[in-house]
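Happy to walk through this one with you.

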Amino acid sequence: EEEEEEEEKDKDEEAEVKETLKMVKDKKQINKLGRAILARLRKNNRNNRSIKMAFEGDPTHFENYTKIVKKPMYYALIGDKIRNGSYRDLLSVHNDLLLIFENALTYNQIDTYIYIFAMEMFNGGVLEAVKEVLKKEKL
């Protein structure tokens, strides 16, 4: 029962964070916060070359990638979209970040390091980075 309460609390917290992200619509705020979140996530994989390669650049050159993954997404593209003002709110940035890791889960074998890392990021790592940046910015 305690586990269920904890899970419920986590879902409430996630919903609250998503509401906050949805309200950030100012392009300057999206730019500043989006870049901060991206930098925080990039810090996670700075020391691991295979992780960096998997998420930083365009993955469409990987074998059969475009046959398996329908909407490729990667850090550099999100950075470009932030700079170009393509996002309507910060929640859209969050959703694209999740898409990176969802794609990695779809494309990679279950027992690989990249799959395990992507699972961790998809199941809370992205949210933790977002919460850290929001807290720092007092949002």
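Q: Why does Y107 count as partly exposed?
A: Good place to start, and please keep in mind that this is a predicted model. The relative accessibility of Y107 is 22%. Buried means under 20% and exposed means over 50%, with partly exposed in between, so Y107 counts as partly exposed.

Q: What makes the pair of Y65 and Y107 tilted?
A: The ring centres of Y65 and Y107 are 4.9 Å apart, and their planes stand at 55°. Rings pair if their centres lie within 6.5 Å, and planes under 30 degrees apart are stacked while those over 60 are edge-to-face.

Q: Which parts does the pair of Y65 and Y107 tie together?
A: Y65 belongs to helix α4 and Y107 to helix α6, so the pair joins parts that are 42 residues apart in sequence.

Q: Is Y65 buried or exposed?
A: Y65 has a relative accessible area of 5%. The cut-off for buried is under 20%, so Y65 is buried.

Q: How many aromatic pairs does the structure hold?
A: There are eight aromatic pairs in the structure.

Q: Why is the pair of F62 and Y107 called stacked?
A: The two rings have centres 6.3 Å apart, and their planes are at 25°. Planes under 30 degrees apart count as stacked, so the pair of F62 and Y107 gets that name. F62 sits in the loop between α3 and α4, and Y107 in helix α6, 45 residues apart.

Q: How do you know whether α5 and α6 are roughly parallel or roughly antiparallel to each other?
A: The axes of α5 (residues 75-83) and α6 (residues 90-107) come within 10 Å and cross at roughly 165°. Angles over 145 degrees count as roughly antiparallel, and α5 and α6 are therefore roughly antiparallel.

Q: Which residues meet between α5 and α6?
A: On the α5 side they are Y75, I78, K81 and I82, and on the α6 side V93, D96, L97, I100 and F101. By class, this contact has seven nonpolar, no polar and two charged residues.

Q: Why is K138 called exposed?
A: K138 has 74% relative accessibility. Exposed means over 50%, so K138 counts as exposed. K138 is in the segment after α7, and its phi is positive, near 60°, in a residue other than glycine.

How values were computed. Residues numbered from 1 in each chain as written. Predicted model: local features only at pLDDT ≥ 70, side-chain atom pairs only at ≥ 80, totals over all residues. Heavy atoms only, no water. Axes fitted to C-alpha atoms, helices over the stretch in contact; angles between N-to-C directions. Helix = DSSP H or I, 4+ residues; strand = E, 2+ residues; numbered from the N terminus. Parallel < 35°, antiparallel > 145°, perpendicular 65-115°, else oblique. Contact = heavy atoms within 4.5 Å. Nonpolar A, V, L, I, M, F, W, Y, C, P; charged D, E, K, R; others polar. Phe/Tyr/Trp six-rings, centres within 6.5 Å; stacked < 30°, edge-to-face > 60°. Buried < 20%, exposed > 50% of the residue type's maximum accessible area, 1.4 Å probe, protein only.
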